[in-house]
Amino acid sequence: MLVIGAGVIGHACALALQQRGWRTLLTDPDREGAAASWGNAGHIATEQAQPLASPATLRSAPRRLYAFGGPLALRDPLSIAPWVWRYLRACSPAAYERGRLALRGLLAQALPAWQRLAQTLEQPDLLRETGHWVCWESARSAQQGRASWEHSDIGDTRFDALIARDLDALRTSLRAPIEAGIAFSGTAQIADPRRLAAALHDRYQAMGGERRYDRIEALSFDDDGVLARTGDGAELRAERVLVCAGARSRALMASVGIDAPLVAERGYHLQWADHDWPDRPPVVFEDRSMIVTRFDGGLRAAGFVEYACVDSPPDPGKWRRLRRHVAELGLPVRGEPSEWFGARPTLPDYLPAMGRSARHPRLHYAFGHQHLGLTLAAISGELVARAMSEAEAPPELAAFDLARFGG
């Protein structure tokens with residue numbers, strides 16, 4: 001079994017397949033850990049049961065534009081026009097409701113699956129089940145923000161007003177005024193993405209998995225199985241292939257005639273190794289569309305939803321704006337931060353694609369997890385491995401088949 005893509009989805013799937021007795025080869029050119037899997041906020045976002053392809057998101061889009069101070073940026077609008085058309089169709093009430101029910105069911109299984117995966121990695125402390133906080137800097141935004149959450153589907157999570165002690169401690173940590181906040185329970189965070197990457201890699205190899213660093217450019221099939229052509233012209237042969245290559249999955253699927261309408265939805269972060277931020281859950285500064293997470297390796301401020309070509313250079317303005325937010329908030333950081341940007345793989349309905357190709361039965365796929373790649377990694381690995389190992393696929397995967405896009 002060839003698994004293409006060694007982000008958190010690829011690793012989780014390959015590890016789950018090894019546990020079920022498959023011999024797997026995991027390949028990906030990312031030696032530095034630059035993928036979106038390791039650059040995110042580390043948040044297990046089980047509260048995000050509403051797909052971002054929704055009437056509400058569509059209505060709020062104009063005021064979220066980067067030009068007006070928001071997180072939403074379109075670097076090359078014409079290049080994603082076909083994707084936008086499909087997105088608009090996915091925002092219809094009927095399509096949104098189907099997506100919400102499917103995503104809600106998957107998220108209900110996400111945290112228990114992460115608990116099992118942390119035990120498999122023999123590092124249960126990698127998972128911190130401390131919830132997260134959301135806060136606002138004005139009375140108006142606090143009233144509107146809390147009302148929005150009260151009318152949102154937050155799955156099996158819960159929230160309440162941030163207790164006075166925690167609210168006072170947050171205010172003491174910051175220069176900006178914090179008007180109010182809420183605390184979620186039923187969500188979690190990863191202690192450190194780099195540590196998670198190392199734990200997944202080490203456990204996978206300890207279980208007999210093979211790791212390579214090829215960039216796979218194209219796939220083909222013959223009577224003997226799958227041929228994967230690498231960037232240097234070599235070929236890898238396997239009985240089956242599982243595509244988990246994130247935003248680059250689109251080109252791989254296209255090489256065998258399958259349309260996977262992915263776009264690269266990019267995020268940015270800054271991370272400081274030297275800081276005085278207390279040990280507390282991730283904090284969402286909702287007025288700034290920014291989340292701040294304390295990891296073992298430093299304090300990370302992350303944000304932005306930038307639609308751009310996967311290989312487009314980063315926009316330094318995004319890092320400048322993050323720096324400005326950090327300065328205005330008065331986050332207790334010192335020195336120069338490291339800068340990162342990466343591409344989330346996003347489908348028009350903001351649901352993942354997981355299943356098996358009807359056209360090429362040796363081809364399986366798991367990609368398109370958008371903002372929820374980390375959140376859904378453990379359950380995705382379990383379900384994909386189960387689907388590939390048993391006579392019938394788990395019924396929960398039906399809603400995530402690529403056939404929903406036609407062709």
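## A hairpin to start with

Glycine 355 stands opposite tyrosine 365, a residue of strand β23. That strand (residues 363-367) pairs with strand β22 (residues 353-356) in the antiparallel sense, over four bridges. Two strands count as paired if DSSP finds at least two bridges between them. With six residues between them, β22 and β23 make a hairpin. As for the names, helices (H or I, at least four residues) and strands (E, at least two) are DSSP runs, numbered from the N terminus.

Before going further, note that this is a predicted model, in which local features need pLDDT of at least 70 and side-chain atom pairs count only at pLDDT 80 or more, while totals for chains, interfaces and linings use all residues. Residues are numbered from 1 along each chain as its sequence is written, and side-chain values use heavy atoms, with hydrogens and water left out.

## Rings that meet

How many aromatic pairs does the structure hold? There are twelve. Rings of Phe, Tyr and Trp (its six-membered ring) pair if their centres lie within 6.5 Å; planes under 30 degrees apart are called stacked, over 60 edge-to-face, and the rest tilted. Take tyrosine 268 and phenylalanine 304: their ring centres are 6.1 Å apart and their planes stand at 85 degrees, so this pair is edge-to-face. The pair links distant parts of the chain, with tyrosine 268 in strand β15 (residues 263-272) and phenylalanine 304 in strand β19 (residues 298-307), 36 residues apart. Both tyrosine 268 and phenylalanine 304 are buried. Here buried means under 20% relative accessible area, exposed means over 50%, and partly exposed is in between (1.4 Å probe, protein chains only).

Tryptophan 319 and phenylalanine 341 make another edge-to-face pair, at 6.3 Å centre to centre and 75 degrees between the planes. Tryptophan 319 belongs to helix α11 (residues 316-329) and phenylalanine 341 to strand β21 (residues 338-346), so the pair ties together parts that are 22 residues apart in sequence. Buried or exposed? Tryptophan 319 has 10% relative accessibility and so counts as buried, while phenylalanine 341, at 25%, is partly exposed. These residues also come together in one aromatic cluster, formed by Tyr66, Tyr268, Phe304, Trp319 and Phe341.

## Charges over rings

Over the ring of tyrosine 213 sits the charged end of arginine 31, 4.1 Å from the ring centre. For a charge to sit over a ring, NZ of Lys or CZ of Arg must be within 6 Å of the ring centre and within 35 degrees of the ring normal.

## Salt bridges

A search of the whole structure turns up 29 salt bridges, each being a side-chain nitrogen of Lys or Arg within 4 Å of a carboxyl oxygen of Asp or Glu. In one of them, aspartate 214 meets arginine 212, with the closest N and O atoms 2.6 Å apart. Aspartate 214 counts as buried at 11% relative accessibility, whereas arginine 212 is partly exposed at 31%.

Arginine 248 and aspartate 311 also join their side chains in a salt bridge (2.5 Å, N to O). Arginine 248 lies in the loop between β14 (241-243) and α10 (249-254) and aspartate 311 in the loop between β19 and α11, so the pair ties together parts 63 residues apart in sequence. Aspartate 311 is exposed at 56% relative accessibility, and arginine 248 is partly exposed at 33%. Then there is aspartate 274 with arginine 334, whose closest N and O atoms are 2.7 Å apart.

## Inside a helix

Which helix holds tryptophan 114? Its place is in helix α6 (residues 110-120). Tryptophan 114 is buried, with a relative accessible area of 2%. From tryptophan 114 to aspartate 214 the gap is 100 residues in sequence and 28 Å in space, C-alpha to C-alpha.
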